[in-house]
Amino acid sequence: MKRTRMDAVNPATEQLKKVLADTPKDQPVVMLNLMRFRDRAHYKEEEPERTGREAYKLYMEEAAACVESVGAEVIWSGRSVGSLIAPPDESWDQVLLVRYPSIDAFMAMIESREYKGVVKHRTAALQDSRLVANIEN
């Protein structure tokens, strides 16, 4: 059976609900972000012309206060150089690991007014992405 791949940028409501239900509330969660940038950022409203990478850089700068406000921290960020095990058409430009004190802290951040004001840069920047919640065992 051939799998149809869809680009994904923002969390789907049903997936978010499932992860919230399945994630322990009393331990840190590390979010693995895999990102593929657009050549040109695609904003819904009027914004200066930017590349996808430039728009994501702006998102990171503006979202830093949101991340810190919930006690989270970026623990690793880097450029992807290639996949050893992946579908042949899957590639990523950037990888980011962010540790949150809990899944509730993550939710508090993405639901905050401040974060909702800056997420437009992330949405405009990305052609495709993955956001995977992880806990230590």
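Trainee: In this predicted model, how many residues apart are Glu 14 and Lys 17 in helix α1, and what does that spacing amount to?

Mentor: Glu 14 and Lys 17 are 3 residues apart in helix α1 (residues 13-22), so about one helical turn separates them. Side chains of opposite charge can pair when their charged atoms come close. Here Glu 14 forms a salt bridge with Lys 17, and the closest N and O atoms are 4.0 Å apart. Glu 14 is exposed, its relative accessible area being 59%.

Trainee: How many salt bridges does a search of the whole structure find?

Mentor: The search finds 10 salt bridges. Among them is the pair Arg 113 and Glu 114, whose closest N and O atoms are 3.5 Å apart. Arg 113 is exposed at 68% relative accessible area, while Glu 114 is partly exposed at 46%.

Trainee: Is Asp 128 buried or exposed, and with which residue does Arg 130 form a salt bridge?

Mentor: Asp 128 has 0% relative accessibility and therefore counts as buried, the limit being under 20%. Arg 130 forms a salt bridge with Asp 128, with 2.7 Å between the closest N and O atoms. Arg 130 is partly exposed, with a relative accessible area of 22%. Salt bridges with shared partners also bring in Arg 36, so that Arg 36, Asp 128 and Arg 130 form one network.

Trainee: Let us turn to the strands. Why is strand β3 described as largely enclosed by the rest of the structure?

Mentor: Accessibility is counted residue by residue along the strand. In β3 (residues 94-100), 5 of the 7 residues are buried, so the rest of the structure largely encloses this strand.

Trainee: Which strands pair with β3, and in what sense?

Mentor: Strand β1 (residues 29-37) pairs with β3 in the antiparallel sense over 7 bridges. Strand β2 (residues 73-79) also runs antiparallel to β3, joined by 6 bridges. Leu 34 stands opposite Val 95 in β3, and Arg 79 stands opposite Gln 94 in β3.

Trainee: Which residues of helix α3 are buried, and against which elements do they pack?

Mentor: In α3 (residues 103-111), the buried residues are Ile 103, Ala 105, Phe 106, Met 107, Met 109 and Ile 110. The buried residues of this helix pack against α1, β1, α2 (52-69), β3, α4 (113-125) and β4 (126-134).

Trainee: Which residues touch the most other members of the largest nonpolar core?

Mentor: A core can be read through its contacts and through the elements that supply its residues. The largest nonpolar core has 28 residues, of which Tyr 56, Tyr 100, Phe 106, Met 109 and Tyr 115 touch the most other members. At least two residues of this core come from each of β1, α2, β3, α3 and α4. Leaving aside residues up to four places away in sequence, Met 109 touches Cys 66, Val 67, Val 70, Tyr 100 and Tyr 115.

Trainee: Where does Arg 40 lie, and which residues does Arg 40 touch?

Mentor: Arg 40 is in the loop between β1 and α2, and is partly exposed at 40% relative accessible area. Not counting residues up to four places away in sequence, Arg 40 touches Glu 49, Arg 50, Thr 51 and Gly 52. The side chains of Arg 40 and Glu 49 are joined by a polar contact of 2.8 Å. Between the C-alpha atoms of Arg 40 and Glu 111, which are 71 residues apart along the chain, the separation is 27 Å.

Key. Residues numbered from 1 in each chain as written. Predicted model: local features only at pLDDT ≥ 70, side-chain atom pairs only at ≥ 80, totals over all residues. Heavy atoms only, no water. Buried < 20%, exposed > 50% of the residue type's maximum accessible area, 1.4 Å probe, protein only. Helix = DSSP H or I, 4+ residues; strand = E, 2+ residues; numbered from the N terminus. Pairing = 2+ DSSP bridges. Salt bridge = Lys/Arg side-chain N within 4 Å of Asp/Glu carboxyl O. Contact = heavy atoms within 4.5 Å. Core = buried A, V, L, I, M, F, W, Y, C linked by side-chain atoms within 4.5 Å. Polar contact = N/O pair within 3.5 Å; in protein donor to acceptor, adjacent residues only side chain to side chain.
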